[in-house]
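Trainee: I have a model to go through. Can we take it residue by residue, then step back to the whole chain?

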Amino acid sequence: MLRLDPSRSWPERLWALWRNICLVVESVISAGVATTMWYVAWSHGYHFNPKADARAGTIILVLAAIFAIQAALTSGKVGDRSVLLSEAVRTRNKTNFMIMRDIRIPMRIHMLLSALGLGMLFLISCYGFEDFFEGVVCVFISWFGMAMYLLTTLDLQNPRNSMWFRKTAPDDWLCENADAFFENETTDNVEPHPDRKQPSSRVAAQ
C-alpha cells in the first residue's frame, strides 16, 4: 500500500507532481510528432516490403538488446550518483557534494545511446505494418518510451531540478562555482614550506 512521505509538505508534492506531468506531456508531444510523420510516410507507401520485415525485425531485436543493456548501466550510474549526493547533503559533506554535483553523462555515451535508439526507432517506423491501428500503437509507444527515458535521465542529472535538494541542501551548495570552491579549498590547505624562515617578532612589529 502506497504511503505519502510525511517529511514532504503538500506544496513539495504538488511541485514534484507537476514536474512529472511535464515530463510525460513532453514525451507524449514528441511521440505524437514522430507518429504523425510516420503516418504521412506510411500512407504514401514509404515502408519495407513484407520480405524485408523479418530481417528488419531481427536487427530491431539486436539493437534493442544492446540499447537496453547500455541504458540500464547509464540509469544505474545516475541513480547511484543521486544517492551519493543525498548522503553528502545529510552528512553536510560539502566537498563530496561539489565533486559530484556537476558530473554529467559523457557525450560519447549520449552518442552511443542516440545511435542505437534512433536506429531502432527508424527501423520500427519503416516496418511494413498492414494495419493502421497496429502501426500507430507500435510507433507511438516506441517513441514515447525513448523520449521518456531521455528526458527523465537528463532531468535526474541536475540536482537543481529536485525539490528535495533545493530544500535540504544549503543555497550556496547549488549555486557556487565548483572550480572556485576547490581553488579556495586548495589555497586554504597550503602549508608553509619548512625551509622558509619565519619573520622575527621585531621585523613583524616593524
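Trainee: Is K94 buried or exposed?
Mentor: This is a predicted model, where local features need pLDDT of at least 70, side-chain atom pairs count only at pLDDT 80 or more, and totals for chains, interfaces and linings use all residues. Residues are numbered from 1 along each chain as its sequence is written, and side-chain values use heavy atoms, with hydrogens and water left out. Buried means under 20% relative accessible area, exposed over 50%, partly exposed in between (1.4 Å probe, protein chains only). K94 has 18% relative accessibility, so K94 counts as buried.

Trainee: Which side chain makes a polar contact with the side chain of K94?
Mentor: A polar contact is a pair of N or O atoms within 3.5 Å; within protein, one must be able to donate a hydrogen and the other to accept it, and residues adjacent in sequence count only if both atoms are side-chain atoms. Here the distance is 3.0 Å, and the partner is D172.

Trainee: Where does R92 lie?
Mentor: Helices are DSSP runs (H or I, at least four residues), numbered from the N terminus. K94 belongs to α3, residues 94–101. R92 sits in the loop between α2 (50–90) and α3.

Trainee: What is phi of R92 near?
Mentor: Most residues other than glycine have a negative phi. R92 is not glycine, yet its phi is positive, near 60°.

Trainee: How many helices does the chain have?
Mentor: Strands number 0. Read along the sequence, the pattern is α-α-α-α-α-α-α-α-α. The helix count is 9.

Technical notes. Helix = DSSP H or I, 4+ residues; strand = E, 2+ residues; numbered from the N terminus.
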